[in-house]
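Please examine the sequence and the structure shown below.

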Amino acid sequence: PAGYSGNGYGFCEPCQPGWYSGSAGSIVCQECEAGTYAPPSVGATICVDCPNGHYSSVGSTQCDPCDGRQVHNSDKTGCDSCADGEIANPDKSECVQCPAG
């Protein structure tokens, strides 16, 4: 079934955390790409995109938040710092100018 891989000897094994199998009959599980994650349980069928303001590396089981004045980069593989005079918007998806005052 999806979420498992076949070992060629008639046995199926669940994909490990950070790995997935999207279809039945898969021979191997695949590592989640950077910017995505598979929950820390076994047998994942998909990798989920990191939410705004978070990032991950290859094979992750969770996404880590960007710090204070940082926003996620375009592929959510890391965080970029906002320039002087800017702050991260509430969901840390882009930098915005500091308000007047």
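Which hand does the link of Cys50 and Cys63 have about the S-S bond? The link of Cys50 and Cys63 is left-handed, with -80° about that bond. The pair connects distant parts of the chain, 13 residues apart: Cys50 is in the loop between β6 and β7 (54-55), and Cys63 is in the loop between β7 and β8 (64-65).

This is a predicted model, in which local features need pLDDT of at least 70 and side-chain atom pairs count only at pLDDT 80 or more, while totals for chains, interfaces and linings use all residues. Residues are numbered from 1 along each chain as its sequence is written, and side-chain values use heavy atoms, with hydrogens and water left out.

**Overall form**

The protein has 12 strands and zero helices; strands (E, at least two residues) and helices (H or I, at least four) are DSSP runs, numbered from the N terminus. The radius of gyration is 18 Å, well over the 13 Å that the globule rule gives for 101 residues, so the protein is more spread out than a compact globule. This radius is taken over C-alpha atoms, and the globule rule is 2.2 Å times the number of residues to the power 0.38. Along the principal axes, the C-alpha trace spans about 70 × 15 × 15 Å. Of the 101 residues, 26% count as buried, where buried means under 20% relative accessible area, exposed over 50%, and partly exposed in between (1.4 Å probe, protein chains only).

**Disulfides**

A disulfide is a pair of cysteine sulfur atoms within 2.5 Å, and by this rule the count comes to five. Three of the links are listed here.

| Pair | S to S distance | Angle about the S-S bond |
|---|---|---|
| Cys15 and Cys29 | 2.0 Å | -85° |
| Cys32 and Cys47 | 1.9 Å | -85° |
| Cys50 and Cys63 | 2.0 Å | -80° |

Cys15 and Cys29 are both buried. Cys32 counts as buried at 0% relative accessibility, whereas Cys47 counts as partly exposed at 22%. Cys50, at 2% relative accessibility, counts as buried, and Cys63 counts as buried at 14%. When the bonded cysteines are numbered in sequence order, the pairing is 1-2, 3-4, 5-6, 7-8, 9-10.

Cys98 counts as partly exposed, at 40% relative accessibility.
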